[in-house]
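Trainee: Please pick one part of this model and take me through it closely. I would like to follow how its pieces pair up.

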Amino acid sequence: MSRDTISDLITSIRNAETAKKETVRIASTNITENIVKILLKEGFIENVRKHQENNKNFLVLTLPYRKTRKEIYRTRKQIYRTRITLKRISRPNLRIYSKYPKIPKILGGMGIVILSTSRGIMTDREARVEKIGGEILFYIW
């Protein structure tokens with residue numbers, strides 16, 4: 001039985017975000033490290049550090065949250081903007097591929113699509129610039 005590391009990553013981030021946790025620990029693999037680099041670059045994650053425990057490597061992600069309780073209850077619009085929404089598209093039993101002109105735009109370009117291409121894992125914008133398609137892993141907005 002194999003594990004789906006991408007779904008584990010998405011679920012961990014989603015659960016930590018729902019529970020208003022500041023940090024989340026995930027298993028470190030090449031795929032998760034590449035995805036986390038993209039999320040860090042796009043601003044969905046504040047900080048990443050590597051952690052080793054019992055000869056197992058982990059990534060500790062710091063999620064972008066307000067530090068004080070007062071700021072959480074400011075306005076509904078600000079709270080909506082800080083929520084991270086992730087949606088898994090391609091699964092191990094159902095792969096979804098797209099050519100570069102047909103890569104979907106999420107919220108008119110506000111969100112991003114994470115793709116696995118022949119040149120590595122990249123965002124939809126990078127794939128359109130390089131004119132390559134690939135497997136649509138998940139949406140994030």
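Mentor: Start with a rule: two strands count as paired if DSSP finds at least two bridges between them. Keep in mind that this model is predicted. Our part is strand 8, residues 134–140. Is it covered or open? It is mostly covered, with seven of its seven residues buried. Buried here means under 20% relative accessible area.

Now take the partners in turn. Strand 5, residues 97–98, runs antiparallel to strand 8 and is joined to it by two bridges. There, tyrosine 97 stands opposite glutamate 135 of strand 8.

Next comes strand 4, residues 86–88. Three bridges link strand 4 to strand 8, again in the antiparallel sense. Find arginine 88: its bridge partner in strand 8 is phenylalanine 138.

Then look at strand 6, residues 112–117. Strand 6 also runs antiparallel to strand 8, and five bridges join them. Here isoleucine 114 has phenylalanine 138 as its bridge partner.

Strand 2 pairs with strand 3, residues 56–62, over seven bridges. Trace one yourself: arginine 49 has valine 60 of strand 3 as its bridge partner.

Key. Residues are numbered from 1 along each chain as its sequence is written. This is a predicted model: local features need pLDDT of at least 70, side-chain atom pairs count only at pLDDT 80 or more; totals for chains, interfaces and linings use all residues. Side-chain values use heavy atoms; hydrogens and water are left out. Helices (H or I, at least four residues) and strands (E, at least two) are DSSP runs, numbered from the N terminus. Buried means under 20% relative accessible area, exposed over 50%, partly exposed in between (1.4 Å probe, protein chains only).
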